[in-house]
Amino acid sequence: MKLIFLLLLGQITPIVVKAVDTPYDAGGSITVTWELDSTWLGKIGRIEIYRYSSAGVSDSLVETLYKPDTIYVDNATEDNIPYFYGVVVYADGEIFGEGRTTEPAVSSQQWFNRKRLSVLIILLVYTIFLMYFIMRARFDKNLFIRKIAGLEAIDEAVGRSTEMGRPILYVMGLGYISDIPTVASLAILKRVAFKAAEYNAQVIVPCFDPIVMVAAQETVREGFIEAGRPDLYNESDIYYLTSDQFGYAAGVDGIMVRQKPGAVFLQGYFFAEALILAETGHSIGAIQISGTTAVTQLPFFIASTDYTLIGEEMYAASAYLSRDPLSLGTIKGEDYIKMILAIIILLGALMETFSIGNHILRDFFSIF
Amino acid sequence: MIELLKKLAGIDRRFIYAAVFLATAIPILTKATMKVEPLPEVRKAYEYIESLPESSVVMVSIDYDAASMPELQPMLEAFLHHSFSKNLRVIMLGHWPLGLPLGQQALEKVAGQYNKEYGVDYVFLGYRPGVAAVIINLGKDFRTVFSSDYAYTPIDSLPLMREVSNYKNVKLLLGLEAGAVGDAWVQYGYARYNLPIILGSTAVSTPDYYPYMQANQVISVIGGLRGAADYETLLGITGEASIGMLPQSVIHLVIIAFIIIGNIGFLVLRRAKK
Amino acid sequence: MKKEIPLAITFISGVLLVLALFIPHKPFGNLEEIFNDWYIIVSGFTFLLGIDSLLGYNFGKLKRKEKDAPYALVLILSFFITLTWGIVEIVRTPEHNPFGPTSTFSLYFYNSIFIPLQATMFAILSFFIASAAYRAFRAKEINSALLLVSAVLVMLGRIPLGQSAAPYVITVIFLIFAVYFFAESAGVTEPKIKIAYILVALIFVALIYPLGFVYFRQHIPEFADWIMNVPQMAGKRGIMIGIALGGIAMSIRIILGIERTYMK
């Protein structure tokens, strides 16, 4: 009542308030917007947002903002029920402005998130590229792929370790089976196991996660079978250590110092323990091949190990090692997409620098 | 002389380790502090907390454990001092179960200094598994994740929690990060619910979080021991981080000295080979 | 069939989750959460597998009386003591969460064993960083010399003592380079190259004052930030874009069943 009274007296500035269903969501949400005059900005103390249903249910305060915002998303609505909203602006503890929606807003679920349209387009273009190169790879058997030193060195490392009569240590990092670097690491492990079986060498894999352990056991067994030496496979060489980061680092360091492996593979996702493992490996004189997609740990690996697979080189490993034409095809496709992206990035930088094209590229790639 | 210089290229690592040990231990034992000029990003975080109105609810997530305690514990204590001195109310939870006791010990210690009451001024929720799922569900309703606090007290019997239904009632999240949980806070807490976030991180993971700050997805990032010392300086307190500045400076200079020495040896050796 | 069924499950769940990214409508909208919940439940059970493996491996060592059997004994004893102690705590004080920080057992264990052990492992990192930096930063060629100088500048820029130490550190490094180039010039007979070497050495000497004592004394924190935010970030983003593209390609290979090293 007081509000209406003050409004009639003309002491309260009317505010235009609009409420619409929050677009592209799973329902249960309405977006409220209002306009604030730029001359008020310094004065506003708080803004209260009220919600009321058309049935005349009394106003319920849903949020108080302490900043001069002009948008609020109410995430607690029920779908298919019309709601009205009111906004009250306070300055110096007094009501300064007030407004209500005139049209009801109803929240609902949508079938397509248009905000992610650009992601969909990029994904589709990328997939089409990959598919094209997979198809091409069926006929073109001689796809060229550049030499990756770290992968070339696997055979040498396994061979040298065997000559020294020492075991091979394979560390898969702290990743889970749902992490792509872990899956990539399994592909490299398979090759290592295959070579080790050929040379009759022992492969030790201490694991951080029990599921990864099971997958590693399967992978090593496969490698040994492919090499024709299933009799040499020993499941207890691939075991679970601990799921504590530094407990794991301590455990692996202990294995290195006691069993003195001739070759150490650090392949997977690593955190701060990366250098602890790599330096201990260096101190026992093992030949070390590392690989990770953890960008912050890459410099440590490059400094302390003999060969490092940098990021995507790790992902390329299974295709590189198996020479499977279909997998090689995807790598070719990836390279082309990368080239196109580089051109787009350059173009975007130029367009933004010289204010050409009304931010069309920037907006296309902004998904948040 | 030349022979001696050549040896500099291959100093025994145990000698380096001994030097590192002395260069850290001696300055720590002196307990001397150093004046630091706070970094702009720490100042921004500080000013944001300063701007929060009295009795606002802030949340801290303990996403680290004893290993990163030297860097992140001073940050937590400084934040708790800041919050309680401004009469903000604090909810603590965490995604690293083995780090949570560190959080609780600090919370009880600092709350005691300001005569704060459990349940009214601060609450310790504890741990629930499933990082992303926990963050998403807290955004919908705290009760779907935590029906009780760490001591099995129903959260609706805690006056503070009665006022908190979801992130809408939380004015700030301070994520103390030693791993990748900070990404989840940004990807789910910020992107889905617009939760205002400040991340405090170990020095080694700080570069990972800077892009979020540049993209305005987090308010600011407080990085490493230096960030904690900056924060302490802004608050005008002398904590562990301020004491850690001298050893940190000395050890950096020692490492630089070893790099230089190694290069002298290396260059002499290379000339000799020619 | 042994291969086809897992491949079909991989394909269907992969495609569903990709679709869910674009469809907010139920049931797609919350698929990711449902999958996450199930992953947590399943992975909880696999810890039994882990414990079985860990104990089996270490009991085996004890039985075979291997060289490092004493370590296996320590592990087995710690495992069972922790477990029994935890169970005793549950029975004695059921109102307390035994794995929470309230019980005397876990607090004692936590403060006197766990914290020191973990802190020790992490602290070892600083020793290793020093030895790795000593070995890795060698001025083998122009690129590695640039890397070395920028590493030193970033280190100086990040510490409170950096500004006052910078002039002297720069002086030492530039003098070393100058002396090296002078020494090199002595061994060269070609006059043009000889002059070039001497010139480079002189440039290093000439740069000491303006760079070290004027510019870096004042601006080294900003310069370090610039190195981290511009060249460092540019390289890092390049690698990250590659990793993202590689990740998508790898995921597509997994979904399509081309990449199947993870299964039998």
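Predicted model: local features only at pLDDT ≥ 70, side-chain atom pairs only at ≥ 80, totals over all residues.

Biologist: OK, let's take chain B. How many helices and strands does it have?
Modeller: Chain B has twelve helices and six strands. Its C-alpha atoms fill a box of roughly 75 × 35 × 35 Å along the principal axes.

Biologist: What share of chain B is buried?
Modeller: Buried residues come to 53% of the 274 residues in chain B. As for contacts in chain B with a separation of 6 or more, 73% are between residues 24 or more positions apart.

Biologist: And which domains is chain B divided into?
Modeller: Domain 1 of chain B takes in 2-31 + 248-273, and domain 2 covers 40-237. The C-alpha centres of those two domains of chain B lie 40 Å apart.

Biologist: How do α4(B) and α5(B) cross, left-handed or right-handed?
Modeller: Right-handed. Helix α4 (residues 69-85) of chain B and helix α5 (residues 100-113) of chain B cross at roughly 35 degrees, and their axes come within 10 Å.

Biologist: Which residues make that contact?
Modeller: From α4(B) you have B:Met69, B:Gln73, B:Leu76, B:Glu77, B:Leu80, B:His81 and B:Phe84. On the α5(B) side they are B:Leu102, B:Gly103, B:Ala106, B:Leu107, B:Val110 and B:Ala111. By class, the contact of α4(B) with α5(B) has nine nonpolar, three polar and one charged residues.

Biologist: Switching to chain A: at what angle do α4(A) and α5(A) pack?
Modeller: Helix α4 (residues 180-199) of chain A packs against helix α5 (residues 210-226) of chain A at about 35 degrees, with the axes 7 Å apart. The crossing of α4(A) and α5(A) is right-handed.

Biologist: Which residues of the two helices meet?
Modeller: α4(A) brings A:Thr182, A:Leu186, A:Leu189, A:Lys190, A:Ala193, A:Phe194 and A:Ala197. Facing them, α5(A) residues include A:Val212, A:Ala215, A:Ala216, A:Thr219 and A:Val220. The class count for the contact of α4(A) with α5(A) is ten nonpolar, three polar and three charged residues.

Biologist: What about the largest nonpolar core, which residues touch the most other members?
Modeller: Those are A:Tyr170, A:Val192, A:Cys207 and A:Ala216, in a core of 214 residues. Setting aside neighbours within four places in sequence, A:Tyr170 is in contact with A:Leu189, A:Val192, A:Val203, A:Ile204, A:Val205 and A:Phe265. Another core, of 16 residues, lies apart from the largest one and includes A:Val32, A:Phe84, A:Tyr85 and A:Val87.

Biologist: How do the chains meet? Start with A and B: how many residues are in contact?
Modeller: Nine residues of chain A are in contact with ten residues of chain B. The chain A side has five nonpolar, three polar and one charged.

Biologist: And how many residues of chain C are in contact with chain A?
Modeller: 50 residues of chain C, and they touch 60 residues of chain A. On the chain C side, α1, α2, α4 (104-136) and α7 (191-256) each supply at least two residues. α7(C) gives the most, with 16 residues. The chain C side divides into 29 nonpolar, 15 polar and six charged.

Biologist: Which domains does chain C have?
Modeller: Domain 1 of chain C is 4-92 and domain 2 is 137-255. Their centres, taken over C-alpha atoms, are separated by 46 Å.

Biologist: What is the phi of A:His359?
Modeller: Phi of A:His359 is near 60 degrees, a positive value in a residue other than glycine. A:His359 lies in the loop between α10 (325-353) and α11 (360-365) of chain A.

Biologist: Why does A:His359 count as partly exposed?
Modeller: Because A:His359 has 13 other C-beta atoms within 10 Å, and partly exposed falls between 12 or fewer for exposed and 20 or more for buried.

Biologist: And B:Asn115, buried or exposed?
Modeller: Exposed, because B:Asn115 has 8 C-beta neighbours inside 10 Å. B:Asn115 also has a positive phi of about 55 degrees, though it is not a glycine, and lies in the loop between α5 and β3 (122-127) of chain B.

Conventions:
Residues numbered from 1 in each chain as written. Chains lettered and ligands numbered in written order. Axes fitted to C-alpha atoms, helices over the stretch in contact; angles between N-to-C directions. Helix = DSSP H or I, 4+ residues; strand = E, 2+ residues; numbered from the N terminus. Left-handed = near helix turned anticlockwise from the far one by under 90°. Contact = placed C-beta atoms within 7 Å. Nonpolar A, V, L, I, M, F, W, Y, C, P; charged D, E, K, R; others polar. Core = buried A, V, L, I, M, F, W, Y, C linked by C-beta atoms within 7 Å. Domains from an automatic or database assignment.
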